[in-house]
Amino acid sequence: MGEAEKMETTTVSNGAGPVYKEKEDNVSPEDLSEMLAAGTKEVHEKAENTQFVKDFLRGRIRKELFKLGAVALYYTYTAMEEEIERNKDHPDFAPLYFPAELHRHEALARDLEYFYGSNWQSKVRCSEATQRYVDRIHEVGQEDPVLLVAHAYTRYMGDLSGGQVLKKVAQRALKLPPTGEGLEFYQFDAIHSAKAFKQLYRSRMNELELDMETKKNLVNEAVKAFQFNMEVFEELEEIGKTIQEDALDAGMPVHGEMGGDISKCPYYAAKMAASGGTAYACQLAMALLQHPTGQVLFAACFAVLAGVAAWYLM
């Protein structure tokens with residue numbers, strides 16, 4: 001194997017000019033990025049199976065819940081980025097300081113202005129589940145800043161992995177403008193290659209001079225971060241029960257709209273393929289692809305599943 005195959009060179013700016021980093025293929029199980037991926041695998045799967053996420057995958061998006069989700073994200077990212085700014089020179093976080101590339105709270109503010117109007121700040125509030133998440137972020141930022149790495153990893157890497165697919169689903173289902181209003185959260189203008197940036201970010205994490213106990217603490221904190229996110233999802237599910245059915249904007253047909261036969265849903269075919277039911281999925285796919293509508297739905301659903309799989313298995 002030649003040197004070109006052993007490593008890849010990425011170019012990313014962190015606000016102080018271009019940064020060049022060689023990404024090696026060989027990683028150790030004791031590398032922080034590997035420990036985080038392995039240690040959060042179970043909670044990834046739980047998050048994927050919350051009703052809120054499954055409905056999103058099916059294109060069944062309540063616009064009011066989508067707006068409330070943006071509100072929760074605004075408070076979460078505002079807290080996280082306040083603590084990141086406070087600790088930007090901390091030796092255990094400084095290598096991961098990429099405000100121009102990653103920070104989201106200003107983009108979320110513009111999204112909320114689009115949805116709620118110029119006086120949006122008087123119309124939104126931090127929910128109970130989100131407040132618990134916010135409180136934890138402030139706690140670690142002020143008392144144990146190295147744990148901010150876990151929160152930043154959990155949020156930003158997820159946004160870069162599955163966010164672009166979710167953006168397209170929401171844009172179509174909620175009939176949002178093709179110019180991106182209401183979805184600026186998903187747009188990372190300063191990152192030209194998400195793959196290259198994620199490689200750089202993981203490499204920077206692995207180079208942090210942390211002992212094994214601290215790495216284990218970071219894995220535990222990342223698990224907590226996912227749990228906080230799930231609590232927000234569950235809170236949104238409860239709110240969703242109070243929203244009338246006619247307030248729904250379905251971007252893609254759901255199982256009930258197909259005569260109750262789940263096997264007719266292209267999302268289900270994609271799910272079967274992902275879980276090992278290859279032959280069955282192929283039969284369904286061939287049947288669906290004979291119809292123009294089926295072609296569009298199958299492609300859209302499979303893209304959504306692939307994007308979220310990348311998100312949760314990053």
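## Annotated coiled-coil region

The unreviewed UniProt entry carries the annotation "coiled-coil region" for residues 198–225; UniProt positions follow the numbering used here, feature names are shortened, and annotations may be inferred rather than shown by experiment. In this predicted model, the span is 86% helix and 0% strand, and its end C-alpha atoms are 19 Å apart. Helices and strands are DSSP runs (H or I over at least four residues for helices, E over at least two for strands), numbered from the N terminus.

## Basis of the model

Residues are numbered from 1 along each chain as its sequence is written, and side-chain values use heavy atoms, with hydrogens and water left out. Because this is a predicted model, local features need pLDDT of at least 70 and side-chain atom pairs count only at pLDDT 80 or more, while totals for chains, interfaces and linings use all residues.

## The chain as a whole

The protein chain has 14 helices and four strands. Of its 314 residues, 51% count as buried; buried means under 20% relative accessible area, exposed over 50%, and partly exposed in between, with a 1.4 Å probe and protein chains only. The accessible surface of the chain is about 15,500 Å², and 50% of that belongs to carbon and sulfur atoms. Areas come from the Shrake-Rupley method with a 1.4 Å probe; for residues, only the protein chains shown count as cover.

Contact here means heavy atoms within 4.5 Å. Among contacts in the chain between residues at least 6 apart in sequence, 77% join residues at least 24 apart.

## Helix pairs

The axes of helix H2 (residues 32–39) and helix H10 (residues 194–207) come within 7 Å and cross at roughly 105°. H2 and H10 are therefore roughly perpendicular to each other. Leu32, Ser33 and Leu36 of H2 meet Arg202, Met205 and Asn206 of H10. By class, the residues of this contact are three nonpolar, two polar and one charged. Ala, Val, Leu, Ile, Met, Phe, Trp, Tyr, Cys and Pro count as nonpolar, Asp, Glu, Lys and Arg as charged, and the others, Gly among them, as polar.

Helix H3 (residues 41–48) and helix H11 (residues 212–240) have axes that come within 10 Å and cross at roughly 10°, which makes H3 roughly parallel to H11. H3 contributes Val43, His44, Lys46 and Ala47 to the contact, and H11 contributes Val223, Phe226, Gln227 and Met230. These residues divide into five nonpolar, two polar and one charged.

Axes are lines fitted to C-alpha atoms, for helices over the stretch in contact, and angles run from 0 to 180 degrees between N-to-C directions. Under 35 degrees counts as roughly parallel, over 145 as roughly antiparallel, 65 to 115 as roughly perpendicular and the rest as oblique.

Glutamine 171 is in helix H9 (residues 148–173) and counts as buried, with 19% relative accessibility. Apart from neighbours within four places in sequence, glutamine 171 contacts Leu176, Pro177, Pro178, Gly180 and Leu183.

Lysine 175 sits in the loop between H9 and H10. Although not a glycine, lysine 175 has a positive phi of about 55°. Its relative accessibility is 66%, so lysine 175 counts as exposed.

## Tyrosine 75

Tyrosine 75 belongs to helix H5 (residues 63–86) and, at 22% relative accessibility, counts as partly exposed. Leaving aside neighbours within four places in sequence, tyrosine 75 contacts Val124, Arg125, Cys126, Thr130 and Val134. Tyrosine 133 is 58 residues from tyrosine 75 in sequence and 9.2 Å away in space, C-alpha to C-alpha.
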